[in-house]
Structures are given as C-alpha cells and as structure tokens.
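I opened this notebook to record what I looked up at one interface between two chains. The entries follow in the order in which I made them.

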Amino acid sequence: MEAIVRLIAATAPVQTPDEIKAANAAIGAGFAYGLAAIGPGIGIGFVVGKAIEAMARQPEAAGMVRTTMFLGIAFTEALALIGFVVFILLGL
Amino acid sequence: MSRFILHIDGAVVLVPQTSGDAETVVEDKGPSPIAPEIKELAWGAGAFIVLFALMRIWLFPRLKKGMDARYGKIRGDHESADATRAAANAEVAEYEAEIATVKAQAAARIEAARGVLEAERTAALAEVNGRIAIRRTESNAASEAARAAAAEHVQAAVADVSSRAAELATGHKPQAAAVSGIVASLMAGGHK
Amino acid sequence: MLGLKFPPINELIRWRDIFTNFNKVGVIAVAAALIGIAVFLIAGSRDPLKAPTGVRNLAETGVNFIENDIVMQTMGKDGLRWTPFLLSLFVFIYLCNLPGILPVLQMPATARMAIPLFLALFVWVIYNAVGIRHNGIKYFTLMVWPPGVPVAMRPLVGLIEFLSNIILRPFSLAVRLFANMLAGHMLLITFAFLTNALFFAETKQFALKPMSILPFFMLVFLTAFEVLVGFLQAYIFTILTAVFINAAQHPEH
C-alpha cells in the first residue's frame, strides 16, 4: 500500500495535502471494494454450485433448493454490497 | 477534448472544454450520496403506507374473494361434473342390466318356443309317418289282394286253356280238379 | 489520455425538486404506489368468475407468486395472512426498481437510501412487534439467552443474535436493496458515458468512433441484466421479510 501510494505520489504531480488525501482515499476505495468482492464471490460460487448439484440430484426438490439458494446468496452478497457502499463513501 | 456532464435533470450534454477554466458553477459536494434524504423518505413512506393500507383493507380481500369464489366454482363444477358422470355411469349400468334381463327373457322365450315347435314338429312328423305307414300297409294289402285275385284269374284261365287244349288233344275232357291242381303246382313252381 | 471526466456521484443520483420537496424519487415512489393501487383496483373490479385475462391475470399471478413462492416456502400455511403485506412490499419495491431501466425515467427510486431504509425499518418494527406479540418478553430472553447452546457460549451467541436481530438485519436489508440498485445504476451510467464519449470523441483516430458499439452492446446487455436484478431484489427483500417474521414468531428455532 505504502509503495503504491509513493509510486502514485512520484508519478503524479500532486501538491496540496487535500489532493494527497483524495488520492489516498481513491486508492483505499479501490482496495476496499476489490477485497470486499473476493469473499462473497467465492461464497456465492459455492452456494450456487451446491444448489445446482442438489437440484441435479433431486429435481423434485428444485423449488425449495432455489428459495434457499436465493436466501444464501442474499446473505453472502450483503458483504460485497457493504464493500461497495464503503467504496462510494471513500472514493466518490 | 470534450467533457461530459450529466446534469441533475438527467440530460447528458456535451460541453466542449473551453480553454481556461470553465465558468460552470461548482457546487460543494453536498450531502453524502448514501445518506437518506428526509423528503424522499417522507414521500416513499407515504406512498408505501397508502399502498399497504389500501391493499390490506380493500384491494387484496376483494381480489382474494374473487379468486376463492372462482376456485370454489371450478371445484363445484368439477364435483358436479363428477356427479353427473357418476349418474350417467349408473344409468348406463342400469340400462345394460335391463338389456341383459330382456335378453335373457327373450332367450328363454325363444328356447321355449323352439321346444314347443320341436314337439309339434315331432308330433306332426310322427302323425304323418303313422298315416304314411297305414296307407302303405293298406296299399300293400290291396296290391297283395289284387295280385292274389289276378293269380286266381290267371290260374283259372290257364286251367281252362289247358283243359281245352287237353280236350282238343285227347278228345275228352280232363278232370277239372286235376288240371287245376297241376296248373297250381306248375304256377307255384314257376314262381320259384 | 482519455478526455472523459466522470461527474460527481451526487450529480448522478440527486435530483432537483420539481416543486417544494418533491423530486424524481418522490415521483417514482408515488407513481409506484398509484400503479399498484390501479392494477389491483382494476383487477378487483373484473368479473371474478370468468377466466382471468389482462390486468386481473397479472394481479392474480402476483398473488399466486407471493403465496406459493414466498409464503408457503418460508412460513407455511400459517403465514398466508401476511400475503397482503408481502404483496404490497413486493409490488412497491419492484415498481420502484423498474424505472432504472425505463428509457425516460432512468432512475431506480431504490438507488437512494431513503426508500430502502424506510422499508427496512418498517419491516424491523413489524417483525419485532410480531415477536413480542407471539412470545411476550420471552422474545428477548430467547434472543439474548438462547436455549440449546452450551452455557459457556450463550453470552457470545446471545450477543451475536441480539446484534443480528436488532441492528444487522434491518441494516443489511436496506443496504442490500440500495447498494444493488445503485451499483446497477452506476454500471449503466458508466457504459452510457463510455458510449457517448467514444461516439462524440473529437479525435484523429478514425477507428475510435465505431468502437463505441462495444460499450453500447455492454449497455444493452446490462440493461437486460438490470431487469433481472430489479425483480430479484424485490423478491429477496420480500422473502427475507417473510423469513424474519417467521423467525420472530418461532424464536426457538
């Protein structure tokens, strides 16, 4: 992080402390969203994959599995969305 | 180079970047983009509460009542259709049973009639046969009598002729009894 | 360097007042309520004994969807009395999401925090009230001191449960709807901007202008995706409401 900040500071002609602060915030926002998206991405992949497996094994239970799958996705996705909110708060 | 600004009223306009600073009035950043605004909250709340209240009190019960009525009607229709079908099936069964009894009766009657007919036929046949037999015996007897009479006639004639022939040959009349005896034996032998 | 300047986000999602304290989000919210009321009003005035067509069919499909796919899946037969609440919730959220993809409006009312926050608080009040009404004070004791958990773990689990029920559920409910719709809106804006910038670019690179077809295709694809997202978020909000109400009625599970 420090290295990137220094790199950006070295390449971009930034002068005022406000601009430095804004640049750091933008970098932090990018990291926040990127990191927040990793876990939920993997998690949603697991949820949907397992749900499809269950549906393929027992097609007659597909309706129940689908409902539960959406619930699981909703809970997992919330983390990524909080990351997105933080991204907006920090960056824009 | 050009710059795009989406104005607050939503129209995307193309603003060619003028040299130097644009004269656009730069507002301060305003409140946080994720902070709820009281006016939007109030309008949203009012709209939702009105929708919910109307739905709860008036709109949904009315719709649901209609749906239930239709489902009930459909179910009733189904049930009445089932009942009608059952009744029709029962009628068909009854009709078939009746047909069966009628058929049985007809068969019995036909059987009886056939029996009667058979008996009558046998009786008629027997009677006819009997009559034929009587007639046959009668005719047999008549023909036998006729033949016997004819034989006697022939015998008498032969005896007469033979006695006449013998008289002519011998000159005297042979005894009639002897001639008839000879003729009778000859004719009996000639029958052999 | 690209000459594309992305405008500040407040310019994208904050709207001028049409008249005092009534902006586009208010218009969309009021229109959503009015359309919902109108649909069910017209549907209710049709002859219910005929086979449903048109508006009535739409309304009955909605009712059947709520009953079969949401209530019966999460609350069972006892939950059917919640159908009007969940139905109005679903209709309202869906009709607030829909303007995000309608050409002239181009703004989901739920991409502002106000409406999701209000709905989440409304749901929060309702499920806590239901829990208290069904279980009395036991609603809180069961929440804070959950049975069936090892005693050593109970304070921790109880704290987590309490935080989850009282703070995290309404928060995540509101943020999920808001952030999904805002993210979709931002995506659409980004690709619209890219298309526009490439198409009107003053450049000597003649190949650059036809390239604007690429973000345009992405825009079309994302619009189709947003159709799905708008429906899915309304569905998820409604089904989570049903789950929370059911959990408040039976806190021992």
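**Entry 1: salt bridges across the interface.** I counted six salt bridges between chain B and chain C, a salt bridge being a side-chain nitrogen of Lys or Arg within 4 Å of a carboxyl oxygen of Asp or Glu. The elements of chain B that give two or more residues to the side touching chain C are strand S1 (2-6), strand S2 (12-16) and helix H1 (38-170); helices (H or I, at least four residues) and strands (E, at least two) are DSSP runs, numbered from the N terminus. I noted that H1(B) supplies the largest share of that side, 27 residues.

**Entry 2: conventions.** This is a predicted model, in which local features need pLDDT of at least 70 and side-chain atom pairs count only at pLDDT 80 or more, while totals for chains, interfaces and linings use all residues. Residues are numbered from 1 along each chain as its sequence is written, chains are lettered from A and ligands numbered from 1 in the order in which they are written, and side-chain values use heavy atoms, with hydrogens and water left out.

**Entry 3: extent of the interface.** I found 48 residues of chain B in contact with 61 residues of chain C, contact meaning heavy atoms within 4.5 Å. The two chains bury about 5000 Å² between them, 69% of it on carbon and sulfur atoms; this is the accessible area (1.4 Å probe) that two parts lose on being put together, summed over both.

**Entry 4: a charged network.** I traced a network of salt bridges that links Glu37(B), Lys39(B), Glu40(B), Arg14(C), Asp17(C) and Arg112(C). Within chain B, Glu37(B) pairs with Lys39(B) at 3.9 Å between the closest N and O atoms. Glu37(B) also meets Arg112(C) at 2.6 Å, N to O. Arg112(C) lies in the loop between helix H4 (83-97) and helix H5 (114-135) of chain C and Glu37(B) in the loop between S2 and H1 of chain B, so this pair joins two chains. Lys39(B) in turn forms a salt bridge with Asp17(C), at 2.6 Å between the closest N and O atoms.

Which of these residues are buried, and which partly exposed? Arg112(C) is buried at 1% relative accessibility, whereas Asp17(C), at 35%, is partly exposed. Buried means under 20% relative accessible area, exposed over 50%, and partly exposed in between (1.4 Å probe, protein chains only).

**Entry 5: confidence.** Chain B averages a pLDDT of 81, pLDDT being the predictor's confidence in each residue, from 0 to 100. The mean is lowest in S1(B), at 45, and highest in H1(B), at 91. Where pLDDT is low, the predicted coordinates should not be read in detail.
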